[in-house]
Amino acid sequence: MKKYLLLIFGLSLFVFTGCKQTGAPAVKSWSYFFEKPASVWEETFPLGNGRIGLMPDGSIDQEKIVMNEISMWSGSKQDTDNPEAYKSLSQIRNLLFEGKNDEAQALMYKSFVCKGLGSGQGNGADTPYGSYQILGNLEIAYDYPNNKDTVSQYKRTLNLNDAIAATSFKKGKVLYGREAFTSFADDLGVVHLTASKAGKLAFTIKMTRPERYTVSTEGNDLIMQGELASGTSEKGPLYGARVRIVLPKDGDIVASDSSLTVRDASEATILISMATNYFGKSVPSQLTDLLSAAGDKSFEELKSDHIAAYYPLFSRAELDLGTTAASKLPINKRLTEFNKTKQDQDLMALYFQFGRYLLISSTREGLLPPNLQGLWCNTIRTPWNGDYHLNINLQMNLWPAEVTNLSELHMPLIEWTKAQVKSGERTARVFYNSRGWVTHILGNVWEFTAPGEHPSWGATNTSAAWLCEHLYHHYLYTMDKKYLAEVYPVLKGASLFFVDMLVEDPRNGYLVTAPTTSPENNFRTSNGKEVAVSAGSTMDNQLVRELFGNTIEAAGILGLDSAFVQELTAKRSRLMPTTIGKDGRIMEWLNEYEETEITHRHVSHLYGLHPGNEISVALTPELAKAARASLEKRGDESTGWSMAWKVNFWARLHDGDRAHKLLSDLLRPCLKSSDEPTYSGYGSGTYPNLFCAHPPFQIDGNFGGAAGIAEMLIQSQTGIIELLPALPSVWKTGSFKGLRVRGGAEVAVSWINNAVKEATIKATVDNTFKVKLPVYAPKLSVVINGQSKSLPVSDGILTLTLQKGDIAVLDF
Ligand code: FUC
């Protein structure tokens, strides 16, 4: 009997901890799979540890594993500040104020662009702007006892709980297994190969890349080295990879000049180290140091250390929307099925966890933020240089960071922002004769802050304001005053730029940004010309209002700069408020221009609805109604990231069913047929490996979609915690845990028949929290740290004062 009880206890411990001794709460098993090898790159699995990435394709005979490294950038630092630009600034402004936007834009094309080629129209790999690019391919040619034997039981799975990709199949009578991961503990790529029968594993490995590399061998190590283009006559960035094969049981390794061959083995572990000199360290020594640091660890040790380092991050948040039979389908079929029936809500929960998985895998403290493709690319000329686009894309990548409980993964973006300040100060001075710092739409790892080469999209100059929203956002979730004091100078510098740069528009007396755009939309002037450049745009007003507001608030918290606060307050009151046009929509510009592309993907003038916070259903119902009208006119159909943004917009408008509809659109299979994929993709939506399709693959939609799901479940931007603010009717019963709110708390909620059943709020700092009570739940009981409490409720809002670590359970 005793033994039996012990067994039950042991089993429940196993279930509770998810079998891992990490102390983190267990999440259910999250994975997806294919029943065939990848036929295009967008069917391979992304593995990454924030620095290095692997994408195995699971081929039976010739496997290709794409290798990535987050700092694998060509290019170099350059002076892009054009000293001639400022000379034409006042003329550009005068033309704008005279309504001659087309002439102003033409003058800008001549004079108000960066020095040099800029981003090279997205083809900057060989220029100083540079491009994020593939590190290389690890190619594995397998040799089977009988290559003609048939293959059966093929399965390839990406397990999100372990961050491991596994492939298994039978060839003849031998069962072959492969596991791959990018270790969070040892910072190495690890590929483990097994054969069920002794000595039946044989293969040859090589490394290749489209250009600029040499390969050699040294003992059992295969080495790739190279130099990327700097775009100048100076030396370019250096990179390398070193691959070592370990045979723990049997078999031989034979090295040629450029390959390693394994014969007669039962098991092999391939260790892959990758590095660049971007952070100032020698490539060869990083490569060997990483391999030596892993020492003689067995594969089992490498694997358990990796899981122990990764799982605590992944398991911080959980979402359960129930499962259906469709959950058991291979992912390509699952996507197709979902597109037909819209039944598989669990696919949306998987998309949420996949978004968190991608963030954990593509950025790491001390390194770089996720780029346009996160960490994963398979070419030299990555679309848009795989850079940091700052008129939404980079920012969207970090939307899930705070709310889905990965706050420290916000730091690489915050550090990257700080790193732009020096260059941005020079750009502010040279182009605008302003103090403070500015950056425009383009961003890379070389501190490019000047306007882009095409003013129609390159003139946007409120990107620093948008980045600063992230700096303040991190404070609102952590309430960390020491951190706030560190970033305050960055907010102040961004504000200072606008203090100097804002100019009075004589037509209406408002202070406006000029020249500017509303990314990247065009409008028709009264003389019928199509232009992008304007004086003032709604997004700029919203961003500057928010930046000034946050800077004022931060200065108040830190007790600093009272005179500057007064100046900001005065200027803030002279910005044009978000205004409703005659057609009932939010105006996108200062004037009611007619936009040339009514369904344009950017919905910049709704920045104040999301991620900003000046349009809300509760506080500004008229503006919320106008925002809805704007969205209706823009339509749902768009690029991947735009549909993801719209999930967030509809969530903020508290329309769960419409948010769900947009999420369903985002999950639409984007290839013509999942069995006959075309490489470049077909439309916007989702690739078979769950990557978001702009098209092409762009990771922002994955992150925006995951954040949108969180936004449907919890909101706190108005200072009040709203539980299930945009719950779609089809998410009838479910639960989440580990989502975070502003003010510093973690929230778990379960609901039944679309009504909150129980909510748990755990304070991560001492604070007072306001919770909006659902109107349909009058029988509230509140228990704090196990003790029943009777607390004040006023206007349907419950006030909870908690100390760090306190747990309040609200039972509805
Ligand atoms: C912006 C968007 C495009 C694309 C590019 C990387 O310019 O307008 O759609 O996402 O960034």
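Predicted model: local features only at pLDDT ≥ 70, side-chain atom pairs only at ≥ 80, totals over all residues.
## Before we start

Two residues are in contact when heavy atoms of theirs lie within 4.5 Å.

## Around H306

Let's begin in helix α5, which covers residues 299-314 and holds H306. Leaving aside residues up to four places away in sequence, H306 touches D162, A163, I164, F181, T182, S183, F184 and A185.

Is H306 buried or exposed? H306 has a relative accessible area of 0%, and because buried means under 20%, H306 counts as buried.

## Around the ligand

Now to the ligand. Which residues are around the ligand? They are L372, W384, H389, N393, E520, R601, H602, W641, H694 and Q698. By type, this shell divides into five polar, three nonpolar and two charged residues.

For H602 the distance is 2.6 Å, for W641 it is 2.9 Å, and for N393 it is 3.2 Å. How much of the ligand's accessible area does the protein cover? On its own the ligand has 290 Å² of accessible area, and the protein covers 97% of it.

Note on methods. Residues numbered from 1 in each chain as written. Heavy atoms only, no water. Near = heavy atom within 4 Å. Polar contact = N/O pair within 3.5 Å; in protein donor to acceptor, adjacent residues only side chain to side chain. Areas by Shrake-Rupley, 256 points an atom, 1.4 Å probe, with all protein chains shown as cover. Nonpolar A, V, L, I, M, F, W, Y, C, P; charged D, E, K, R; others polar. Helix = DSSP H or I, 4+ residues; strand = E, 2+ residues; numbered from the N terminus. Buried < 20%, exposed > 50% of the residue type's maximum accessible area, 1.4 Å probe, protein only.
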